[in-house]
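Have the model open in your viewer as you read along.

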Amino acid sequence: MIRTVVPVSCRHALSISGLSRTGPRKSSAAAVASAFLTAPTGHHRRLFSHTRATQADFTHIVIGAGVVGLAIAQDLAIRSGRPNSTLLLERHDAIGTETSSRNSEVIHAGIYYGASSLKTALCIRGKDLLYSFCQSKGVPHKRVGKWIVAQNELQLSALEKIHDFCTNEIYVPIHWVGLEEASRREPAVRAEKGILESPTTGIIDSHSYMLSLLGEFEDAGGTLALNSTVKSITPLGNKGSAGWELLIHDSQTGEESRLTSETIINAAGLGSVAIHNMIVPPDQHKKMYYAKGNYFSYPASTPKVNTLIYPAPEPGHAGLGTHLTLDLAGRIKFGPDVEWVDSPDDLSVNTARLPETIAEVKKYLPSLDETQLQPDYAGIRPKLAKAGAVAHGKGFVDFVIRKEDGYEGWINLLNIESPGLTSSLAIAEKVRQLLYT
């Protein structure tokens, strides 16, 4: 059954699937649509900040409740100052179940991506915003620092370029670590030619961060619809000049609902290209490439390492190398590698890649007990090309965050991979600026 939503302006406390609209707003799109249909009549329609689509059900619909979608939704809901102005759609039965919960949980410094790139600007800004948010909201995090290690002259040259870039162009703190200091601080780590330290790199509990963003969103009156898959998107008027209509499938009930919004924000991550292709003509369709990263945990007590360890970046490589990361309890894990796969659902750890992981890790951690490595988890990075992860690599592809030419009220986010978590609050700022300045 397809429900056509009747626009109702004045939201009030009404129950949706046992949840009060004045309490936590978690539901499905079908339940949201049902609430519209059963709401009492006689209320005035909501007036928006502009008159382009005054009959729309929502001011904003954000597609995708990963960390970036959550950051955008809470920012827009807070800005609106009105309850129920913003709807956040998520196709799964919980927030942040894709890339947002299957990554290294690192707060990056922004040192790899090129001075003019969005990745650099938003990572640097996002890092500051994220640390501030974590401190003010009590989100677990820690500035542990990161070492980038070189084993040969080619890798040392890469480190020198990073040092000069950070010092002379983007002004991000970075410094060399001498051999004596290195052997005192991290005696188990090998770095034959040099070590650069990024002191502002850290780690975060990404799940706590997402829950905190969700709390901000709900406190601002936002509505989260889980199990809600977007099936089609129709621009109204002249390419969105009168708003947008979305057909949404409820995976629990099988019902389909139509909801309208003044604006839509495509923050669908692994599904972002599919959303993009729903709107644009076939000759503007894009293809998504899935870069799988396998992680292996290391429960052994030795060697003990207290700093994140990254190999020097290699031009053309789709990741930053198999690195050593820590969680907030001090547990070690290694990854991600890069394995191109055909499906975003290919999430089982590929144990056939363990020998390669061991070989890469032993270059900087020679005393590794390889018998202790265990398959942990895998994540998928959404990419627009099989390209390099660093700006001096072959075919580097930046974040895409823009108003699409020829359309009104559509902000499109594509290729939001690392450092998306670090950049999330800055991405939210940019989306707000694109919409309202």
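## The second largest pocket

In this predicted model, the lining of the second largest pocket splits into 6 nonpolar, 6 polar and 6 charged residues. The lining has 18 residues, and those nearest the centre of the pocket are Ser 297, Asp 327, Arg 331, Ile 332 and Lys 333.

Which elements give two or more residues to this lining? They are β17 (289–298), β20 (332–335) and β22 (374–383). The space inside the second largest pocket comes to about 350 Å³.

## Helix α2 against helix α9

Two packed helices are described by the angle between their axes and the distance between the axes. For α2 (residues 67–80) and α9 (residues 420–436), the axes come within 8 Å and cross at roughly 40 degrees. Angles under 35 degrees would count as roughly parallel, so α2 and α9 are oblique to each other. The crossing of α2 past α9 is right-handed.

On the α2 side, the contact includes Val 67, Ala 71 and Arg 79, while α9 brings residues including Leu 421, Ala 428 and Tyr 436. By type, the contact of α2 with α9 holds 12 nonpolar, 3 polar and 4 charged residues.

## Helix α6 against helix α9

Helix α6 (residues 206–219) also packs with α9, at an angle of about 20 degrees and with the axes 12 Å apart. That angle makes α6 roughly parallel to α9, and α6 passes α9 in a left-handed crossing.

Here Ser 206, Tyr 209 and Leu 213 of α6 meet Leu 421, Ser 424 and Leu 425 of α9. The residues of this contact divide into 4 nonpolar and 2 polar, with no charged ones.

Terms used:
Residues are numbered from 1 along each chain as its sequence is written. This is a predicted model: local features need pLDDT of at least 70, side-chain atom pairs count only at pLDDT 80 or more; totals for chains, interfaces and linings use all residues. Side-chain values use heavy atoms; hydrogens and water are left out. On a 1 Å grid over the protein atoms alone, a cavity is a set of points where a 1.4 Å probe fits but cannot get out, and a pocket is an open set with protein on both sides within 12 Å along at least five of seven lines; lining residues have an atom within 4 Å of a point. Grid points are joined across faces, edges and corners, and a volume is the space filled by probe spheres set on the points. Helices (H or I, at least four residues) and strands (E, at least two) are DSSP runs, numbered from the N terminus. Ala, Val, Leu, Ile, Met, Phe, Trp, Tyr, Cys and Pro count as nonpolar, Asp, Glu, Lys and Arg as charged, and the others, Gly among them, as polar. Axes are lines fitted to C-alpha atoms, for helices over the stretch in contact, and angles run from 0 to 180 degrees between N-to-C directions. Angles under 35 degrees count as roughly parallel, over 145 as roughly antiparallel, 65 to 115 as roughly perpendicular and the rest as oblique. A crossing is left-handed if the near helix is turned anticlockwise from the far one by less than a right angle, and right-handed if clockwise. Contact means heavy atoms within 4.5 Å.
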